[in-house]
Amino acid sequence: MASMTIRTDEAYARELDAADPLSALRAEFDIPTRRALTGTGAGFSPEESTEPGDSPCIYLCGNSLGCMPRRAREAVIRQLDDWSMLGVEGHRHGRDPWLCFHERFRGPLSRLVGATEREVVAMNSLTANLHLLMMSFYRPTRERYRIVIEDSAFPSDSYAVCSQAEAHARYAGFDPASAVVRLTPAPGESSLKTQDVAREIDRLGGSVAMVLLGAVNYLTGQWLDMPGITSQCRSRGIGVGWDLAHAIGNVPMSLHDWGADFAVWCSYKYLNAGPGAVGGAFVHERHLADRTLPRLAGWWGNDPQTRFQMSKTFVPVERADAWSLSNPPILSMAPLIASLDLFDRARIGALRQKSLALTDYLERLVDRINAESRGGTIGLLTPRDPEARGCHLSMTLPGDADAAMLALRRAGIICDFREPNVFRFAPVPLYNTFTDVHRTAAALRAIVA
Ligand SMILES: Cc1ncc(COP(=O)(O)O)c(C=O)c1O
């Protein structure tokens, strides 16, 4: 068994760190320290630790809010300086003219999701983008009106699809109560398989209008078979959209080749662009010239060649930008420059390789803890197949969840908890180390004991 062969000493973790070709990237991030967190009410207390108080925490929460790239500060200050010195002239004559500021993200975002530059745009926030794209791609009729989501879809997605169904139901004449179908794994299975999705679509006959799924599930960490599901849906004439909140910057994707209709994401998790940072969207090239698509339009979606002619008629630009509404939020976008530069430096393929190793290491150490436990054990909700997950592992811990969380915090670990009893640990290859993983396992061992 894998857990029998692994070395469990911390020296081994340090050896793995020393051999890590991406280790220099950690220095590009500010990682919260125990000293900074002590006294905030978050449960951190450096005096109980053998570590010096200003050592970095073990930050395993990049699946919720990524750490701050150090250059984010100067990226924001640069825009503040231009605003302060140039005022409105910054739109055209700043160092990074604001009129086309969002265009600089096309290249790096397209590389992360596997798209052409025309197919991606940085705009709005995730849920807002979901609504904007459903307005175009969810076009229900009386007969074909259902939306298929996961039973464990993120609540905001669930609210968005239910509200879309309700908004359309009164005009299209269907029952909104039966419009949203929630997929659960087959009996005896813990994760959703491509054939489960296909089977459900077939069971529902011609009534499915759209499938909207979280590419990496926020709760279980399962990475769905995106190409397989996309192709199953498309072969049945069903539109398919992906929520990439937990996938972008975590796993490599090829949205264009896979043929998804659309995708949406946020950039405050693995993209490290800061709290509430600008979101993004992908729209497949085959839709970009389609002017018959219904959409909620705004002036920033208009062709930039004619945008300032202030015409009464909307002319959508033939790129994903056509779905943007307003001029971009420069201050919220600026940190994304710093972060995406790091992705371009590291490359998503190399990050994924390190991510696979970090997550595998955590899994093996947890297996070892369970094998040696004389009492409770740690439950793993995330699939064991590395190809069916991103970096995060979701676990159930024995005993009282509040006590476990406090013990983790006292050990300087920042992870998160989701009701009813799920702890999520996300070793992120940009800034986490094998030593972080080893120390986390030591804290888990103490909790189990
Ligand atoms: C999977 C998923 N979908 C949607 C959202 C909602 O994102 P936003 O608040 O940016 O709209 C989140 C937020 O964490 C999420 O994890």
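Visitor: How many salt bridges does the rule find across the interface of domain 1 and domain 2?
Guide: One. This is a predicted model, in which local features need pLDDT of at least 70, side-chain atom pairs count only at pLDDT 80 or more, and totals for chains, interfaces and linings use all residues. Residues are numbered from 1 along each chain as its sequence is written, and side-chain values use heavy atoms, with hydrogens and water left out.

Visitor: Why is the pair Glu28 and Arg345 called a salt bridge?
Guide: The term requires a side-chain nitrogen of Lys or Arg within 4 Å of a carboxyl oxygen of Asp or Glu. The closest N and O atoms of Glu28 and Arg345 are 3.0 Å apart, so the pair qualifies.

Visitor: What makes up domain 1 and domain 2?
Guide: Domain 1 takes 2–60 + 347–448, and domain 2 takes 77–345; such bounds come from an automatic or database domain assignment. Their centres, taken over C-alpha atoms, are 31 Å apart. The contact (heavy atoms within 4.5 Å) draws 26 residues from domain 1 and 21 residues from domain 2.

Visitor: What area is buried between domain 1 and domain 2?
Guide: About 2,000 Å², 60% of it from carbon and sulfur atoms. Buried area is the accessible area (1.4 Å probe) that two parts lose on being put together, summed over both. On the domain 1 side, Arg347, Ile348 and His392 supply 27% of what is buried against domain 2, more than any other three residues.

Visitor: How many residue pairs are in polar contact between domain 1 and domain 2?
Guide: Eight, with both residues at pLDDT 80 or more. A polar contact is a pair of N or O atoms within 3.5 Å; within protein, one must be able to donate a hydrogen and the other to accept it, and residues adjacent in sequence count only if both atoms are side-chain atoms.

Visitor: Which residues are around the ligand?
Guide: Leu126, Thr127, Phe154, Asp157, Asp243, Ala245, His246, Tyr268 and Lys269, with a heavy atom within 4 Å as the test.

Visitor: Which parts does the salt bridge of Asp344 and Arg111 tie together?
Guide: The side chains of Asp344 and Arg111 meet at 2.8 Å, N to O. Asp344 lies in helix α12 (residues 330–346) and Arg111 in helix α6 (residues 106–113), so the pair ties together parts 233 residues apart in sequence.

Visitor: What makes the bond between Glu419 and Pro420 cis?
Guide: Its omega is about 5°. Pro420 lies in the loop between β14 (416–418) and β15.

Visitor: What is the phi of Asn124?
Guide: About 50°, a positive value, although Asn124 is not a glycine. Most residues other than glycine have a negative phi, and most peptide bonds are trans.

Key:
Helices (H or I, at least four residues) and strands (E, at least two) are DSSP runs, numbered from the N terminus.
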